[in-house]
Amino acid sequence: IMVVNEGKDVWEGVLKPSIAMPEAFLYDAFENRCLIADKTPEGYHLKMYPLKSLFLVGGTCPDLPAELPTTGAEIPLQSWRRSTCEGAAYPAFSEPVATSLPDGERLAAEDATFSGFVRYDCTFDLPAPFQLLLTIEDAAEGVEVFLNETGYGIQIAPPMTYRLTGRAGVNHLRIEVATTLERACYPHLEGFQKFLAPVPSCASGLTGRVTLHVLTT
């Protein structure tokens, strides 16, 4: 059974399959991983974020974790730096400048016509290797994450969550955000086209909070 939240708000409720499913698990195709299904007497409890999808699959999955992952201490992420580059120039980013998050309104105000890639990076220390959960509340629009130069994939629907493997000592986190062409194209419109087109109001870069937690299970 495929479940998709096509709305703009978080949906939370119970899915009651029309066929008997004594055992089931959830499959996240975008991240290619299995999840534990929260079974209740009424059915399966789901919490779906906008634009997210899940499959409810009958049976057992050999890769299913023993229990739902839980998060521990939050690792502070500070001293963010931001650099930009036009799409055709990637990966030739500009010299980084200090910034703080969320950054979307600040970036849009600094360069109202910018379209391309925005790179954010920072470092953090760990006393030992840990499995980590990175959560990006919102971004405009596609996000790719790297930790210590290892890529963890692209996501397009917020909130974006990534499971990362941290090492003992200094870790380097990099988040790249690809923006749309709306801001760059608008100044080139002329005449009736520009009269009809609304002034771009799309955001740029990281527009939500970014948090990092230790995974305890």
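Predicted model: local features only at pLDDT ≥ 70, side-chain atom pairs only at ≥ 80, totals over all residues.
## Overall build

The protein has 217 residues, and 38% of them count as buried. Its secondary structure comprises three helices and 19 strands. Along the principal axes, the C-alpha atoms fill a box of roughly 60 × 50 × 25 Å.

## The largest pocket

The largest pocket holds about 1,100 Å³ of space. Its lining is made of 32 residues. Closest to the centre are Arg 33, Leu 35, Lys 47, Tyr 49 and Thr 161.

Which strand gives the most to this lining? Strand S6 does, with four residues. Several strands each supply at least two residues: S3 (24-28), S4 (33-36), S6 (43-48), S7 (53-58), S12 (130-136) and S16 (160-166). By residue class, the lining divides into 18 nonpolar, seven polar and seven charged.

## Salt bridges

The count of salt bridges comes to eight. One of them joins the side chains of Asp 103 and Arg 82, at 3.0 Å from N to O. This pair links distant parts of the chain, 21 residues apart. Asp 103 sits in the loop between strand S10 (97-98) and helix H1 (104-110). Arg 82 belongs to strand S9, residues 81-85.

Are the two partners buried or exposed? Asp 103 has a relative accessible area of 0%, so it counts as buried. Arg 82 is at 5% relative accessibility and therefore also counts as buried. The cut-off for buried is under 20% relative accessible area.

Asp 103 has a further partner. It forms a salt bridge with Arg 106, with the closest N and O atoms 2.8 Å apart. Arg 106 has a relative accessible area of 34%, so this residue is partly exposed. Through shared partners, salt bridges join Arg 82, Asp 103, Arg 106 and Glu 110 into one network.

Another salt bridge pairs Arg 174 with Glu 176. Here the closest N and O atoms are 3.1 Å apart. Both Arg 174 and Glu 176 are buried.

## A nonpolar surface patch

Which residues form a nonpolar patch on the surface? They are Phe 30, Ile 154 and Ile 156. Together they have about 350 Å² of accessible area. Ile 154 lies in strand S15, which covers residues 150-155.

## Cis peptide bonds

The peptide bond from Ala 140 to Glu 141 is cis, with omega near 5°. Glu 141 is placed in the loop between strand S13 (139-140) and strand S14 (142-147).

A cis peptide bond also joins Pro 158 and Pro 159. Its omega is about -5°. Pro 159 is found in the loop between S15 and S16.

Met 160 lies in strand S16. With a relative accessible area of 0%, Met 160 is buried. Its C-alpha atom is separated by 14 Å from that of Leu 132. Along the chain, Met 160 and Leu 132 are 28 residues apart.

## Positive phi angles

Leu 51 is not a glycine, yet it has a positive phi of about 70°. This residue lies in the loop between S6 and S7. Its relative accessible area is 59%, so Leu 51 counts as exposed.

Asn 148 is not a glycine either, and it has a positive phi of about 55°. Asn 148 is located in the loop between S14 and S15. Is Asn 148 buried or exposed? Its relative accessible area is 18%, and the cut-off for buried is under 20%, so Asn 148 is buried.

Key:
Residues numbered from 1 in each chain as written. Heavy atoms only, no water. Patch = residues over 30% accessible without salt bridge, like charges linked within 9 Å, V, L, I, M, F, W, Y side chains within 5 Å. Areas by Shrake-Rupley, 256 points an atom, 1.4 Å probe, with all protein chains shown as cover. Salt bridge = Lys/Arg side-chain N within 4 Å of Asp/Glu carboxyl O. 1 Å grid on protein atoms, 1.4 Å probe; cavity = no way out; pocket = protein on both sides within 12 Å on 5 of 7 lines; lining within 4 Å. Points joined across faces, edges and corners; volume = space filled by probe spheres on them. Nonpolar A, V, L, I, M, F, W, Y, C, P; charged D, E, K, R; others polar. Buried < 20%, exposed > 50% of the residue type's maximum accessible area, 1.4 Å probe, protein only.
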